[in-house]
Amino acid sequence: MNAVVIAVCLMLFLSFIRINVVVALTISAVVAGLVGGLTIVQTIAAFNDGLGGGAQIALSYALLGAFAAALSHSGLTTLISHAIINKLGQEPNSSNTQMVRWLLLLTILAMAISSQNILPIHIAFIPILIPPLLHVMSKLNIDRRLIACILTFGLVTTYMILPIGFGGIFLNDILLANLNTNGLNALSSQIPQAMLLPALGMVCGLFIAIFISYRQPRQYMIEQPVSNSTQTPTINRKSIVISISAIVITLIVQLQTDSMIFGALSGFIIFRFSGIIKQDISKDLFNQGVHMMANIGFIMIAAAGFAAVVKSTGEVGTLVTSLGDIIGDNKALAALLMLIVGLLITMGIGSSFSTIPIIATIYVPLALSFGFSVAATIALVGTAAALGDAGSPASDSTLGPTAGLNADGQHDHIRDSVIPTFVHYNIPLLIFGWIAAMVL
């Protein structure tokens, strides 16, 4: 059996039975290497070489956590949380409560979408915005699995169809470039149009999550608004002005330097030397913030090592080319199997951006040999890469929501983020991606 299939299935199984994701990725990487024909020494060497690929992301998330802790201590997020709470009606089923509920969901969705293009900060907003609102969500009995689905929808669907910000990188710099490198001759204007139908699958999944799956209230322990400090922050005009200034400067530095590391560091420095954070607690705040996001960083590092081992085995190419013996002349089966293989690869690597260079080299000639049109080939490769980004234990599209929603320890990564997003997005995306391949 193919090493990629075995390793990904093992990783998912270990994660599902509550083995730490870092441990699951490391064990699966070793299994992938050994099954793929590498020696234990070669496997470990490939894994170690790949670790560096996740170091930058890990440091970025750690500093974002420190910045989020400082922002929470400033009182701005507590002020927002209290303002929303004060607008709640006295009766749990009052129309005012329903209005606030929908306003909260739409605000989170709008922020998730804009984080990919208008303000391309990706998941950096989640540890800043979500933890202070957990008290509100608990009071409204909002199922946090719904919030995870909304966040993941905004993070993934946006880059699939809008060629701005991260979408520009995914659609033009990666997808279009790799398609044309392998002989497709696609135009940039064709990319969003071809990806529109698969993206509708994501929309269907979101509607199902909102109106069917997680419509009913879910009880959580109602605690005080989440703060990363044991002291109640003093909310005054100076704190609010400095907090807003720190956010703006963080965004500007990140956009100018293209570095989340220096952006988050700039924001934390402003808080540290503005007088809002006293010297005796700044160290504790930094450590608490880093701890909040450290788990994501370690998972991303381990995922980079796992991906390096998988690539070193050469089993990805073997997996794709072996499809020819199974498919025969069945075009519909060819489309389905290519999408499923893409799902497996992305689930293991945890990044749709990293999946395209791996599969495009083999998928484009294979699709053309079956007579798929240019638009259909775009939809196949793009959808195969996007599949698994929602629902992968190692994807920042699920890790980010978990980091915010589990700030009070009431949100499980696998059961409350990974499984809900996998079911609501990968299944519709698989169906709509297959339809796109057949009709375009």
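Reply: Gladly! This is a predicted model, and buried residues make up 56% of the 440 residues in the protein.

Me: What makes a residue such as Cys149 count as buried or exposed?

Reply: Set its value against the cut-off. Buried means under 20% relative accessible area. Cys149 has a relative accessible area of 0%, so Cys149 is buried.

Me: And why is Cys9 called partly exposed?

Reply: Partly exposed is the range between buried, under 20%, and exposed, over 50%. Cys9 has 41% relative accessibility, and therefore counts as partly exposed.

Me: How many disulfides are there, and how do you know?

Reply: The test is a pair of cysteine sulfur atoms within 2.5 Å. By that rule the count comes to 0 disulfides.

Me: Let us turn to the fold. How many helices and strands does the secondary structure have?

Reply: There are 20 helices and 0 strands. As for contacts between residues at least 6 apart in sequence, 80% of them join residues at least 24 apart.

Me: How would I describe two packed helices?

Reply: By the angle between their axes and the distance between the axes. Take helix 9 (residues 166-181) and helix 18 (residues 374-386): their axes come within 11 Å and cross at roughly 125°.

Me: Which residues make the contact?

Reply: Helix 9 brings Phe170, Leu175 and Leu179, while helix 18 brings Ile378, Val381, Gly382 and Ala385. These residues divide into 6 nonpolar, 1 polar and no charged. Gly counts as polar, and Gly382 is one of the residues in this contact.

Me: Is Asn185 buried or exposed, and how do you know?

Reply: Exposed means over 50% relative accessible area. Asn185 has 64%, so Asn185 is exposed.

Me: Where is Asn141, and what is its phi?

Reply: Asn141 sits in the loop between helix 7 (134-139) and helix 8 (144-161). Its phi is near 60°, a positive value in a residue other than glycine.

Definitions and conventions:
Residues are numbered from 1 along each chain as its sequence is written. This is a predicted model: local features need pLDDT of at least 70, side-chain atom pairs count only at pLDDT 80 or more; totals for chains, interfaces and linings use all residues. Side-chain values use heavy atoms; hydrogens and water are left out. Axes are lines fitted to C-alpha atoms, for helices over the stretch in contact, and angles run from 0 to 180 degrees between N-to-C directions. Helices (H or I, at least four residues) and strands (E, at least two) are DSSP runs, numbered from the N terminus. Contact means heavy atoms within 4.5 Å. Buried means under 20% relative accessible area, exposed over 50%, partly exposed in between (1.4 Å probe, protein chains only).
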